[in-house]
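Here's a quick briefing to read alongside the model. Have the sequence and the 3D view open as you go through it.

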Amino acid sequence: VDQPNRKWSSDEISLLKIVGQIFVNSLKRRESIQLILESEQTYREIYNATTEAIIVHNAEDGSFLDVNDAFLDMFGFEYEEIKNATFLQISSGIDNCTAENAALALSKTISKGPRVFEWQAKRKDNSVFWVEISMKSAEIRGVKRVLSVIRDINERKKTEEQLRINEEKYRLMIEGQTDLIIKFNTKGQYLFASPSYCDLMNKTEEELLGSNYLADEHIKGQGILEKVGNKLTTPPYSCYVELPTHSRKGSRWISWNIRAILNEKEEVREILAVGRDITYLKGVEEALRNSENRFRSIVQRLSDIILICDRETYIIYDTPNIDTILGYQEGFLIGQKLFSLLHPEDLPAGQETLEKILSSHTQVVNIELRIRCASGDYIPMEATGINLLNYDAIKGIVITLINITERKLMDKRIL
């Protein structure tokens with residue numbers, strides 16, 4: 001029955017307020033629970049989406065309370081297999097990578113703070129691989145826990161090991177290298193000096209590093225900067241120089257192959273120089289020059305012409321005095337056939353003589369021939385030939401030509 005004019009007592013009004021507040025609180029609690037559930041779902045999705053393995057530890061005994069999907073993929077376990085497990089199941093036991101040391105690290109994380117360390121872990125199939133473990137203590141819903149975030153660094157460790165092996169290999173190569181290797185910056189300050197260079201200069205690498213290669217008065221005096229010039233700043237960014245150097249062995253000639261090391265802007269960042277002691281070669285070159293000059297001086301004063309031909313009778317050498325006798329400039333006949341100088345009537349005899357020369361490496365063969373001069377005239381000459389094709393220093397047929405014009409005229413007078 002409707003009672004529109006009914007008056008509510010104060011107790012009834014208080015009761016209605018209480019019921020209303022309970023209703024409101026119930027609605028807020030439901031909203032709160034929903035928010036918590038949604039938040040937990042969000043964090044669970046993030047937790048399982050990361051590529052790094054995560055373990056939630058019981059802070060008291062280190063057992064695994066929870067792991068994410070990345071952990072299961074990384075170690076090859078099913079979730080039920082690993083729940084309540086410890087580091088014993090995932091430690092390799094190699095060197096210091098034992099369950100006991102892992103438990104000690106977890107304890108220190110609780111007492112002293114976060115820790116990061118490398119570890120040789122073990123999968124379910126007992127295969128071993130390197131990981132990096134970051135441990136941090138945290139409170140989850142008011143309870144102390146320890147979180148371990150595990151990153152697979154096996155490939156990185158393999159790369160580091162290969163780099164270490166390569167570095168050791170190249171270090172041994174450099175230490176055993178007799179060539180001189182130095183590296184310096186654009187100001188000329190040493191950045192590296194090989195043991196062979198240090199030995200030559202009678203200094204330790206520590207003494208050289210930081211000092212200025214280009215500041216040396218002896219180096220300045222040779223004008224090395226002028227010799228190198230712009231060669232290191234333009235392609236191919238390299239050059240070759242030979243320089244005398246003061247060393248513990250006295251003055252030495254060093255050949256340097258110099259190459260610029262460029263930055264990403266193709267500007268010279270550093271300079272690498274590989275040197276070789278060529279003092280002995282320089283001495284040999286000087287001796288050869290002196291010997292060649294003596295030989296040339298003697299030959300120029302000879303009245304005989306010396307020609308050297310290859311097996312096909314192409315001329316490969318003629319003496320400087322050829323111009324005074326036959327009128328040809330030195331070198332003019334090189335590359336021409338020897339028989340092109342013979343009088344046509346002397347060609348058969350010349351061919352027969354060549355066959356005799358080629359058939360022996362010791363027999364000296366003589367023949368008289370008419371040889372064409374630069375003027376086109378022919379003069380009588382006595383030719384002496386010997387086969388020296390097997391001698392490395394010559395590798396040819398040596399022909400000596402003697403002008404016998406005067407002798408021929410004398411023979412005619414006598415007759």
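Helices (H or I, at least four residues) and strands (E, at least two) are DSSP runs, numbered from the N terminus. On that basis the protein chain has 13 helices and 15 strands. This is a predicted model, so to speak of local features a pLDDT of at least 70 is needed, side-chain atom pairs count only at pLDDT 80 or more, and totals for chains, interfaces and linings use all residues. Residues are numbered from 1 along each chain as its sequence is written, and side-chain values use heavy atoms, with hydrogens and water left out.

**The chain overall**

- Of the 415 residues in the protein chain, 32% are buried; buried means under 20% relative accessible area, exposed over 50%, and partly exposed in between (1.4 Å probe, protein chains only).
- Take the contacts (heavy atoms within 4.5 Å) between residues at least 6 apart in sequence: 38% of them join residues at least 24 apart.

**Nonpolar cores**

- A nonpolar core here is a set of buried Ala, Val, Leu, Ile, Met, Phe, Trp, Tyr and Cys residues joined through side-chain atoms within 4.5 Å.
- The largest one has 27 residues, and Phe71, Phe75, Ile90 and Ile150 have the most contacts inside it.
- At least two residues of this core come from each of β1, β2 (64–67), α2 (69–75), α4, β3, β4 and β5.
- Another core lies apart from it, with 26 residues, including Leu326, Leu338, Leu342 and Leu389.
- Leaving out residues up to four places away in sequence, isoleucine 90 touches Ile55, Phe64, Phe71, Phe75, Phe77, Ala121, Lys122 and Ile150.

**Rings and charges**

- The whole structure holds eight aromatic pairs. Rings of Phe, Tyr and Trp (its six-membered ring) pair if their centres lie within 6.5 Å; planes under 30 degrees apart count as stacked, over 60 as edge-to-face and the rest as tilted.
- Phenylalanine 64 and phenylalanine 71 make an edge-to-face pair, 6.0 Å centre to centre with 85° between the planes, and both residues are buried.
- Ring pairs tie Phe64, Phe71, Phe75, Phe87 and Phe129 together in a cluster.
- Lysine 157 sits over the face of tryptophan 130, 4.5 Å from the ring centre. The cut-offs for a charge over a ring: NZ of Lys or CZ of Arg within 6 Å of the ring centre and within 35 degrees of the ring normal.
- Lysine 337 lies over the face of tyrosine 314, at 4.6 Å from the ring centre.

**Helix α4**

- The expected span is 1.5 Å times one less than the number of residues.
- Ala99, Ala102, Ala105, Leu106 and Thr109 are the buried residues to look at in α4. They cover an arc of only 120° around the axis, which puts them on the same side of α4; the arc is that of the directions from the helix axis to the C-beta atoms.
- Glu100, Ser111 and Lys112 are exposed on the other side of α4.
- The cover over the buried residues of α4 includes β1 (53–58), β3 (115–122), β4 (128–140) and β5 (143–152).

**Helix α12**

- The 12 residues of α12 (347–358) should span 16 Å at 1.5 Å a residue, and its end C-alpha atoms agree at 16 Å apart.
- Gly350, Thr353, Leu354 and Ile357 are the buried residues of α12. Looking down the axis, they fall within an arc of 105°, so they line one face of α12.
- Pro348 and Glu355 are exposed, on the face of α12 turned away from its buried side.
- Among the elements covering the buried residues of α12 are β13 (365–372), β14 (378–388) and β15 (396–403).

- Most residues other than glycine have a negative phi, and most peptide bonds are trans.
- Proline 235 and proline 236 are joined by a cis peptide bond, with omega about 5°; proline 236 lies in the loop between α9 (224–228) and β8 (238–247).
- Aspartate 95 has a positive phi, near 55°, and sits in the loop between α3 (79–82) and α4. Aspartate 95 is exposed, with a relative accessible area of 66%.
- Threonine 313 also isn't a glycine, yet has a positive phi of about 70°; its loop runs between β11 (305–309) and β12 (315–318). Threonine 313 counts as buried, at 5% relative accessibility.
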